[in-house]
Amino acid sequence: MKANFFKIKSSLAASALFAALSMGMVSCGGGGSTSGSDSTSAAGGGSSDDNSLIGAGSSFDNPLFSKMFSEYNKLNGLKVNYQSVGSGAGISQLTNKTVDFGASDAPMNGKQDSAAPAAVLHVPVTTGAVVLSYNLADVKDTLMLSPGVLADIFLGKITKWNDAKIAAINKAVKLPSTSIVIAHRSDGSGTSNIFTTYLAKVSEEWSTKVGKGSSVNWPVGLGGKGNEGVAGLVKQTPGAIGYIELAYAIQNNMPYAKVQNKAGNFITPSIASVSAAANITIPPDSKVSLTNTDAADGYPISGFSWVLIYKEQKYGIRSLAKATNVLKLISWQIHDGQQYGAPLYYAPLSPAAVSVGDAILKSATYDGKPILQ
Amino acid sequence: MDTSVENGLVTRSDRSLRVIASAKSPEAIKSRIKRSFRQIRTESVFKRTLVIMGLFMIILVLGILLTLIVQSLPSIKSLGLKYLWGRVWDPVQDIYGAWPFLLGTLLSSFLALLISIPFSIAVAIFLGEYYPKGWLPDLLKNTVELIAAVPSVIYGFWGLAVLVPIVRNLESHIGVEPVGVGIFSSSLILAVMIIPYAASLGRSMIQMVPSPLKEAAYGLGATRWEVIRSVVLPYTKSGLFAGILLSLGRALGETMAVTMVIGNTSIIPKSIFAPGNTMASVIANEFTEADKAVYLSALIELGLVLFLVTVVINMIGKRIIDRFTNE
């Protein structure tokens, strides 16, 4: 009896220890702690097959990437598994080396850069835009918004649609006295990042009071989850205004405002005007925000989406063949792959962006030697 | 199982006696002893399995708590206790205060509870006391159980498409800003979702009231309402309260449906019609894009706070139930 009791005790202790250990391991893994380049098991996403790649990140890119990867598969037989988990999660998965490439609507910030175990390349892959959609049943003309008015609306300083500041730039439109209801994204998103980056650029007050980021502390308004959440709020609430992706607004026939750009022109968001926004001098690392673009015919609230890869492709158990496949895929995306953008309302890359992207891809190496010639 | 039993009528309780008494050869005794040891071993293995399974549950909960604490350490270190009553949630400037969400969670859950109690108690009494059998009560019982089985995202959609416009209409009549979404809408949705928990527990409790008690009351000339009020409800109050507590637990943690109709703003709600946010929906909304270590840790700490709030409310509830039962 006594011996039995001890047995029970010892086996309990063993199982408790085991459980505690596994908990500890889980908590380490989830903590985003990054081991160096020795984490061989994670590299390659658990697949040694050179003909299948894993990517993760931006949900904005997902419809375009699905189309591109299925077309590329028909051409080259390469399988790409893209997980649309959000830009931030994509970056942390790349940092943990569980994916072959990441995708993000915002370039990696200083902290993310220092968390990554090696240098990361940003390759611009498409251009997206954020539009202001509104619900004013009696207004048939397209509303026009200036940067100052837009910032004041989202700061909660303009509360009625017939405010003198809005009326001054919409002289032809008869504006109702409805209260303005603001709809913003409640989930962290690249769309919010582009929009708040724009507001921070054009409004000193926004920059100091709210700032920019994928989640910010909104001074006023209602939050909706995803584009569909914001669009739902805008459609349902009379007097609402909210920001959504251009593609989503076009597909759902939602009205959207013209926005005045840096050159003073009121620009209708469209694939052409968004592409035009990227026709500026792009720095060699391509980490540039297109918001408030200098281009005279460019829509001011637009931004690149990037594919992220490590500059040195030899890490873990990666083969040269696999690294070459990654590079060839991205190179195809920024050239031939661009034709699949417009039907899905993604603006094709500007020539300037493509040439910068080419140069960046050429700088990627395998064991110190360039991969693409 | 027992092959060496000579008599087919041998029952389990007197088996060993009979076997020892009838044992003639030493081999038979030996095999009997062997079998006894096997039986003892089976017993102890079974007991041990039960203990391990039970302990595993405890370890699991403690492990979750530990993980939450460890992962929220960076945020606890940098923000301290101020986190709990901080009124600003600003990921850009790394200022994190959980107060608006704590308030939103408690406000929406308790409001939902208030709305749901009359319905769940009524359903419980109807099914437990008035009509325990028949096609209509069966239909009602299955329908109420179905309410618990419907995925919460469906409630969210229904709330957004049907309930929010109705609430907006109501709001425009009573003179608050007519936006529709807000704490009130989410409480309504939650109230519907949590009815089954209190109702089904209450129903089985009411059915367990001994009939002699009720018959005695009827015998004294009590009406049906008087029997329910003075016999059934006092007898079942701890059970009813446990059901309500179960409902509250569900309301506190509900995420998807609430996220879709609460309005998701970090501003402290000024009235029950104002938009707000709950801890669960903040975590669901912001977790994927939390790109800074402190931000992520602050979100995990929100999970820890939610965990502790649930534990505290459960403990208070247990105390109240104990007091009821001891009376």
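Q: In this predicted model, what distance separates the centres of domain 1 of chain B and domain 2 of chain B?
A: Taken over C-alpha atoms, the centres of domain 1 of chain B and domain 2 of chain B are separated by 42 Å, the two domains being residues 9-73 and 83-326 of chain B.

Q: What makes up the contact between domain 1 of chain B and domain 2 of chain B?
A: Five residues from domain 1 of chain B and six residues from domain 2 of chain B take part, and by class the side belonging to domain 1 of chain B holds three nonpolar, two polar and no charged residues.

Q: Why is A:S87 called buried?
A: A residue is buried if 20 or more other C-beta atoms lie within 10 Å of its own; A:S87 has 30 other C-beta atoms within 10 Å and is therefore buried. A:S87 is found in helix α3 (residues 87-95) of chain A.

Q: Which residues does A:S87 touch, not counting residues up to four places away in sequence?
A: Contact requires C-beta atoms, placed from the backbone, within 7 Å, and on that count A:S87 touches A:G57, A:S58, A:S104, A:D105, A:A106, A:G190 and B:E289.

Q: How many residues of chain B are in contact with chain A, and which element of chain B gives the most?
A: In chain B, 40 residues are in contact with 43 residues of chain A, and α2(B) gives the most to the chain B side, with eleven residues. By class, that side of chain B has 20 nonpolar, 13 polar and seven charged residues.

Methods:
Residues are numbered from 1 along each chain as its sequence is written. Chains are lettered from A and ligands numbered from 1 in the order in which they are written. This is a predicted model: local features need pLDDT of at least 70, side-chain atom pairs count only at pLDDT 80 or more; totals for chains, interfaces and linings use all residues. Domain bounds come from an automatic or database domain assignment. Two residues are in contact if their C-beta atoms, placed from the backbone, lie within 7 Å. Ala, Val, Leu, Ile, Met, Phe, Trp, Tyr, Cys and Pro count as nonpolar, Asp, Glu, Lys and Arg as charged, and the others, Gly among them, as polar. Helices (H or I, at least four residues) and strands (E, at least two) are DSSP runs, numbered from the N terminus. A residue is buried if 20 or more other C-beta atoms lie within 10 Å of its own, exposed if 12 or fewer, and partly exposed in between; C-beta atoms are placed from the backbone.
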